[in-house]
Amino acid sequence: MPGALHQPRLSAEEIAARLADYKRQNVPTYGPKMFRPSYFAGQDVVDVAEHAFALFLKENWLYGRTSYPAVGVFEDEILASLLDLYHAPRGAAGSLTSGGTESDIMAVRSARARAERLGRLKSGANIVIPQTAHPAFDKGGELLGIEVRREPSRGHHLPDLEWIADACDDSTIMLAASAPPYPFGECDPVEEMAAIARKHECWFHVDSCLGGMILPFREAAELKPVAFDFRVAGVDSVSVDLHKCGYASKGISAIVYADRTDEQAARTVFENWPSGLYATSGIAGTRSAGALASAWAVMRYLGAEGYRERTKAIFGYRDKIISALRGIGAEIVGDPHCFHFNFLFHEVDMSVLVEELVREGWVISSSKQPDTIQLMVTAAHEHSAAPLAEAVEQVLRDVRAGKRAGTGQGAVYSKVETRDTVGAIRA
Ligand SMILES: Cc1ncc(COP(=O)(O)O)c(C=O)c1O
């Protein structure tokens with residue numbers, strides 16, 4: 001493949017046309033048939049987020065509080081809200097990162113730092129996670145030289161607490177639960193897992209990257225609260241992605257710590273080079289302040305009341321879709337606590353069903369063990385229930401009659417890191 005630098009130059013107009021062309025090849029980032037993650041709460045919210053993003057695009061977040069004081073205001077006001085939302089204890093603190101992966105890696109890093117401070121960091125230090133935990137923990141374990149004990153696959157969407165308890169030993173520095181995990185919509189049993197972590201005196205992290213801006217507003221939809229935050233004894237940290245259901249533009253997440261000592265210990269403060277003090281609270285260095293500004297703007301625009309209203313509407317669309325699918329014989333996996341859920345039909349190859357629905361223009365994902373179709377519901381799905389159920393019923397009929405067979409490819413979360421798809425290997 002020729003490199004971008006060494007092809008004939010394009011004019012600004014040609015580039016604009018080329019970009020528009022490339023954009024047309026993408027699936028829409030949200031819409032009635034788009035059920036992969038898109039976190040859409042309404043065009044008005046997108047407009048507010050994108051305006052703020054564009055306005056602060058050029059400010060370097062790294063120089064906030066010195067050159068760009070607004071950065072400090074945005075950080076403080078966002079974090080104050082999160083501390084409130086999660087009922088953080090006195091002395092709690094948080095920091096903002098570039099995404100859920102960074103927040104979860106920071107949790108592993110902080111757990112290791114605390115174990116080291118307390119003289120509990122042994123060789124064979126490990127973290128224990130359920131089968132459904134995000135790969136961010138494996139990335140963190142690899143980067144930090146910590147063994148990751150991931151529960152083996154058992155074909156069930158909730159963790160086996162007996163396995164979790166047995167996997168923890170006196171070298172375990174962290175146990176993590178997800179509220180909810182990405183592959184299925186039901187939260188891990190946070191209270192029970194916290195009790196296991198307390199017994200082993202290890203760090204307990206709640207990965208609420210997906211649910212952290214939905215779960216606190218469940219009551220607006222008259223749903224029972226789910227225990228996932230600092231009201232559960234033993235929770236040391238909670239991660240939440242503001243670029244997911246905080247509805248900000250991409251590039252912002254948070255980690256909130258029960259104890260500000262852990263937040264302070266997580267900072268990199270460095271002076272021993274010619275350019276003076278370099279201090280960061282996470283892993284990233286230079287980054288645009290656009291996503292930060294957009295998270296602040298959406299919080300100010302929606303307010304808690306707005307998040308409640310949007311959550312209620314999205315739960316309403318979700319429940320209409322669930323009942324339409326149940327009406328054609330689908331089984332819903334577990335008790336979905338957030339905006340996403342999985343369904344299956346018995347005695348049907350679900351990977352074939354996924355492929356055939358994708359062929360019909362539905363943008364959907366699948367999860368394995370149990371083999372299911374996953375739908376992430378947004379504000380764009382107000383009228384999707386009936387057309388989706390009709391499409392599923394039609395394709396199901398064809399698959400059962402052997403008229404469609406697919407290739408059985410199954411679930412793919414992200415392919416970009418497999419080397420041969422990068423296309424930049426020198427022959
Ligand atoms: C539960 C959970 N944790 C962590 C992540 C990682 O987030 P990001 O892709 O923003 O790094 C995700 C992403 O979907 C997630 O669902």
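Which residues in α3 meet L292, A293, A295, W296 and M299 in α9? In this predicted model, they are V71, F74, E75, E77, I78 and S81. Sorted by class, this contact of α3 with α9 has eight nonpolar, one polar and two charged residues.

Now for how the pair sits. Two packed helices are described by the angle between their axes and the distance between the axes. Here the axes of α3 (residues 69–85) and α9 (residues 290–327) come within 9 Å and cross at roughly 50°. That angle is why α3 counts as oblique to α9. The crossing is also left-handed.

Next up is the sheet. Seven strands make an open sheet with mixed pairing, and their order is β1-β7-β6-β5-β4-β2-β3. At the edges sit β1 and β3, each pairing on one side only. On average, neighbouring strands of this sheet are turned by 20° against each other, direction ignored. Look at β2 and β3: they pair in the parallel sense over four bridges, and N126 has E147 in β3 as its bridge partner.

| β1 | residues 93–97 |

Finally, the ligand. It's surrounded by 14 residues, and the closest are G99, G100, T101, Y182 and C209. Helix α4 (residues 100–117) gives the largest share of this shell, three residues. By class, the shell has five nonpolar, six polar and three charged residues.

How values were computed
Residues numbered from 1 in each chain as written. Predicted model: local features only at pLDDT ≥ 70, side-chain atom pairs only at ≥ 80, totals over all residues. Near = placed C-beta within 6 Å. Helix = DSSP H or I, 4+ residues; strand = E, 2+ residues; numbered from the N terminus. Nonpolar A, V, L, I, M, F, W, Y, C, P; charged D, E, K, R; others polar. Pairing = 2+ DSSP bridges. Axes fitted to C-alpha atoms, helices over the stretch in contact; angles between N-to-C directions. Parallel < 35°, antiparallel > 145°, perpendicular 65-115°, else oblique. Left-handed = near helix turned anticlockwise from the far one by under 90°. Contact = placed C-beta atoms within 7 Å.
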